[in-house]
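Thanks for coming, everyone. Please have a look at the structure on the screen, and then I will walk you through a few parts of it.

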Amino acid sequence: MKHWLTAILPNRIGGQILLLVVVSVLLTQALNFGILFVSDQGRREELQLRTGFGTFISGVRLVAAAPENQWPTIEQVVKQTPPDIGFAVTKAPPGDAQAPPGGPNPPPEGGPGGPPPDGADKGPPPDDGGGPPPPLGFLSRDLGPKFLVSDTPAGEAADGRDLREIIVQTPNGAHVMATLPLPNPPPRSVIPAWSIFTFALVFLPLIFFWAAWGLSRQLNKFARAAEGFSLEGDHQQLPETGPEEIARLARALNRMRERIMGLLSDRTRMLSAIGHDLRTPITRLRLRAEFIEDEHTRLDILKDLDRMNRMVNSALTYIRDGRDTEKEVPVDLPALLRTVSDNFTDVGEHVTYEGAEHLNVKARPDMLVRAVENLVENALKYGSQAVVRSGRQDGERVYIEVEDDGSGIAEDKRQAMMEPFVRGDAARSSAAGGFGLGLSITASIARSHGGDLVLSTGKMGGLLARLVLPANEDAPRQAAQ
Amino acid sequence: MTTPHILIVEDDKDIGLLVAKYLKANEMRVSIAENGRAMDRILADTRISLIVLDRMLPGEDGLSICRRLRASSDIPIIILTAQGDEVERIIGLEMGADDYLGKPFNPRELLARIRAVLRRRDDARSNSAAPKRSYKFAGWSLDGTMRRLYDPSGTRVELTGAEFEMLLVFCERPGRTLSRDQIIDLTQGREASPSERSVDILISRLRRKLERDPKDPELLQTIRSSGYLFSPEVVAE
């Protein structure tokens with residue numbers, strides 16, 4: 001089904017849109033014709049009805065033009081002509097008030113051809129019979145002012161229309177009678193136009209919306225693919241199908257992705273080669289330093305070596321983070337945060353934890369430890385103490401906060417601080433150490449957990465780094481014990 | 001105890017010599033091999049107490065040497081590898097290494113690890129049982145290989161190195177009252193050896209993570225004027 005569809009569909013978006021327009025125009029036209037056909041039925045009925053009137057009118061004219069002795073013949077002929085309209089001709093009673101004012105004037109032989117009598121200027125027929133109601137107005141119009149038309153109700157026709165007994169007094173003194181149904185008001189041409197308009201207004205947008213949706217769905221897929229592009233795991237190739245332009249775009253995106261992956265892996269290889277190569281000399285120096293007699297010098301060298309090692313590690317960590325394969329497991333968040341802050345406390349730093357006692361979340365604990373360590377290291381770089389907090393932000397999220405008493409980061413620089421290789425203060429950073437990777441590693445770890453890192457100013461005036469993570473809670477820990 | 005004889009398998013000459021120098025200064029006999037074949041020659045005619053094995057070696061690499069050694073002997077092995085690489089550590093320990101140390105390392109820590117591994121071996125030999133590395137108590141489980149602790153619901157509870165070592169000491173000796181001095185002695189040479197005062201700090205930290213009510217401890221009990229007692233039944237695996 002789909003196969004032959006794709007076979008006949010044009011290959012390019014332009015062609016597809018053109019096809020769509022043609023198809024929808026055809027559809028509109030078809031509907032138009034359909035409506036016309038339906039309304040045509042009505043018009044034909046109307047025509048038939050008018051034919052009934054037509055017979056009557058011809059009869060009336062014939063009677064008006066014929067001498068009295070031929071009236072019965074005419075009556076006979078008309079009666080035999082379908083439809084049956086109850087045609088009858090009688091002589092108008094003499095002295096009828098309805099006699100035309102030009103009464104003394106015998107009707108001219110030429111009837112219709114004769115010059116109109118002076119009564120021509122007379123207004124509409126007299127009101128004795130209530131006058132023909134507007135639906136029958138056309139009778140007077142068709143016959144002319146010399147004919148007096150009157151009608152009375154005569155029940156209902158089989159199709160529900162009002163029947164009228166119509167009497168026309170001809171100028172030559174005949175009463176022509178017939179029973180005819182009132183014509184329906186002519187079908188309103190407004191109805192088909194309205195439905196065509198509705199169709200155009202409702203269905204055409206729907207069709208085009210469907211088409212645009214199809215197109216934008218593809219484009220959105222690309223946008224999502226580009227958005228979600230990262231070093232994580234194996235990336236899926238975009239399907240190179242659909243209209244030619246879309247397929248070409250997919251191919252281009254796929255190739256671009258491969259090139260980026262290539263560049264990134266080159267960078268990764270280089271950085272990790274540097275990192276690993278640096279480790280050997282650092283290891284040697286670390287060992288040599290043990291044999292330095294002068295305690296002071298030895299400790300200074302060891303401190304520098306530690307700093308170098310941390311920098312190398314942070315670079316290697318940064319490279320590795322995108323590809324970390326650590327699995328999400330249930331973690332006791334406060335225990336993790338206490339562990340991090342205790343590790344700092346044990347080497348003489350002022351780091352305290354406050355907040356929840358137990359809070360289970362699903363997370364990658366090693367990455368999370370690294371994220372918080374980075375925040376604390378950063379805090380201690382610019383301040384003298386750090387406070388770590390955690391708690392529930394709302395039903396679905398938990399937060400981790402690390403606050404220091406340093407000078408904070410200006411608001412306009414905060415976003416930049418989360419980019420790799422950006423440092424808070426270029427002048428100070430050489431003393432503080434680091435490649436400027438700490439916050440960007442933390443931010444990327446937060447994102448990989450489906451969370452976010454937000455920097456602001458804390459109550460102590462320093463930087464307040466807030467890591468918000470989805471809770472993904474399991475059963476509460478206490479219940480399990 | 002006789003002087004232990006340590007064999008260092010390390011391709012970087014300087015590192016090998018420096019480690020040797022440091023260990024010799026700390027009363028150990030040391031031999032150096034630059035690769036697997038040199039190691040085999042030394043092992044053939046020398047009684048070696050422990051091997052310090054570099055993970056990255058030309059030719060046969062550290063992991064495969066480790067596996068090969070494990071197939072034929074239970075000689076203690078400490079692997080030196082790139083720092084902070086969890087996967088390396090797991091692979092190393094699964095290959096049968098007794099411990100793991102990341103480069104660059106503090107030589108003091110290497111010395112401490114060597115001593116700890118040797119002592120553990122001695123303990124195990126006298127108990128005629130292989131050293132246990134994993135323990136279960138009161139629903140909790142302590143994974144010595146991965147250095148991880150899980151609560152009864154399976155939630156991972158992070159420990160500092162010192163907390164882990166102390167909990168390991170308690171798990172190895174359940175139901176025994178340990179004095180502060182004993183605890184210091186038993187954890188000595190491990191990653192972070194505590195002072196007498198810090199024993200109390202470590203205990204209170206552990207209680208915070210383990211106990212339902214840290215103020216009324218059930219697992220880590222204080223035995224007045226003598227020390228601490230780990231009360232739950234411990235199953236070694």
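Predicted model: local features only at pLDDT ≥ 70, side-chain atom pairs only at ≥ 80, totals over all residues.

Residues are numbered from 1 along each chain as its sequence is written, and chains are lettered from A, with ligands numbered from 1, in the order in which they are written.

Between the chains, 32 residues of chain A are in contact with 30 residues of chain B, where contact means that the C-beta atoms, placed from the backbone, lie within 7 Å. On the side of chain A that touches chain B, the largest share, nine residues, comes from α6(A), helices being DSSP runs of H or I with at least four residues, numbered from the N terminus.

Turning to the cores, a nonpolar core is a set of buried Ala, Val, Leu, Ile, Met, Phe, Trp, Tyr and Cys residues joined through C-beta atoms within 7 Å, and buried means that 20 or more other C-beta atoms lie within 10 Å of a residue's own, whereas exposed means 12 or fewer. In the largest core, of 68 residues, A:V372, A:V376, A:V388 and B:L167 touch the most other members. A second, separate core of 32 residues includes B:L18 and B:Y100.

Finally, in helix α3 of chain A, residues 71-80, the buried residues are A:W71, A:I74, A:E75 and A:V78. Seen down the axis of α3(A), these fall within an arc of 100°, taken from the directions from the axis to the C-beta atoms, so they line one face. The face turned away from that buried side carries the exposed A:P72, A:T73, A:Q76 and A:Q80.

Methods:
Helix = DSSP H or I, 4+ residues; strand = E, 2+ residues; numbered from the N terminus. Contact = placed C-beta atoms within 7 Å.
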